[in-house]
Amino acid sequence: MTLISLPETKNYLRVDHCEDDKLILTLIDTAQRLVMDVGRMTEKQLAENEETSRQAMLYTVSYLYENRNTADYHALTLTLRALLFAQREGIV
């Protein structure tokens with residue numbers, strides 16, 4: 001199950017070519033795993049918190065795509081923790 005599609009992600013990234021499709025698909029998978037790990041969520045919980053999860057995944061893909069060579073994974077993780085705080089703490 002993937003919450004975000006390739007066309008939706010390319011639109012979010014403002015990418016209108018196909019050369020990076022394979023990379024973007026890989027980043028979508030990576031983003032989903034990272035959001036689930038940082039948010040301490042199962043796939044079911046990911047779907048239940050769809051809007052927040054989708055935004056966190058789009059942010060993650062965007063960050064990794066734009067910072068391919070200089071990504072600060074610690075900063076990314078801290079941002080995701082902030083975005084997913086409610087899920088992490090069981091508030092939602």
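This is a predicted model: local features need pLDDT of at least 70, side-chain atom pairs count only at pLDDT 80 or more; totals for chains, interfaces and linings use all residues.
I will start with the core. The largest nonpolar core has 25 residues. Those with the most contacts inside it are I24, V35, M57, V61, L80 and L84. As general background, nonpolar side chains tend to be buried together in soluble globular proteins.

Take I24 from that list. What is I24 in contact with, leaving aside its neighbours within four places in sequence? The partners are L6, T9, K10, L13, V15 and Y65.

Several of those names come back when we look at how helix 1 meets helix 2. The axes of these two helices come within 10 Å and cross at roughly 100°. Angles of 65 to 115 degrees count as roughly perpendicular, so helix 1 is roughly perpendicular to helix 2. On the helix 1 side, the contact is made by L6, T9, K10 and L13; on the helix 2 side, by D21, I24, L25 and I28. Sorted by class, that contact has 5 nonpolar residues, 1 polar residue and 2 charged residues.

Next, a residue in helix 4, namely T60. Is T60 buried or exposed? T60 has a relative accessible area of 0%, and buried means under 20%, so T60 is buried. A polar atom of the T60 side chain lies 2.8 Å from the backbone oxygen of A56. Not counting residues up to four places away in sequence, T60 touches A31, L34, V35, L76 and L80. Two of these, V35 and L80, are also on the list of core residues with the most contacts.

Last, the loops. Most residues other than glycine have a negative phi. Where do we find R14, whose phi is positive? R14 is in the loop between helix 1 and helix 2, and its phi is near 60°. The relative accessibility of R14 is 78%; the cut-off for exposed is over 50%, so R14 counts as exposed.

The other case is R40, in the loop between helix 2 and helix 3 (43–48). R40 is not a glycine either, and has a positive phi of about 55°. With a relative accessible area of 52%, R40 is exposed.

To recap: a core of 25 residues, a buried T60 in helix 4, and two exposed arginines, R14 and R40, with positive phi.

Note on methods: Residues are numbered from 1 along each chain as its sequence is written. Side-chain values use heavy atoms; hydrogens and water are left out. A nonpolar core is a set of buried Ala, Val, Leu, Ile, Met, Phe, Trp, Tyr and Cys residues joined through side-chain atoms within 4.5 Å. Buried means under 20% relative accessible area, exposed over 50%, partly exposed in between (1.4 Å probe, protein chains only). Contact means heavy atoms within 4.5 Å. Helices (H or I, at least four residues) and strands (E, at least two) are DSSP runs, numbered from the N terminus. A polar contact is a pair of N or O atoms within 3.5 Å; within protein, one must be able to donate a hydrogen and the other to accept it, and residues adjacent in sequence count only if both atoms are side-chain atoms. Axes are lines fitted to C-alpha atoms, for helices over the stretch in contact, and angles run from 0 to 180 degrees between N-to-C directions. Angles under 35 degrees count as roughly parallel, over 145 as roughly antiparallel, 65 to 115 as roughly perpendicular and the rest as oblique. Ala, Val, Leu, Ile, Met, Phe, Trp, Tyr, Cys and Pro count as nonpolar, Asp, Glu, Lys and Arg as charged, and the others, Gly among them, as polar.
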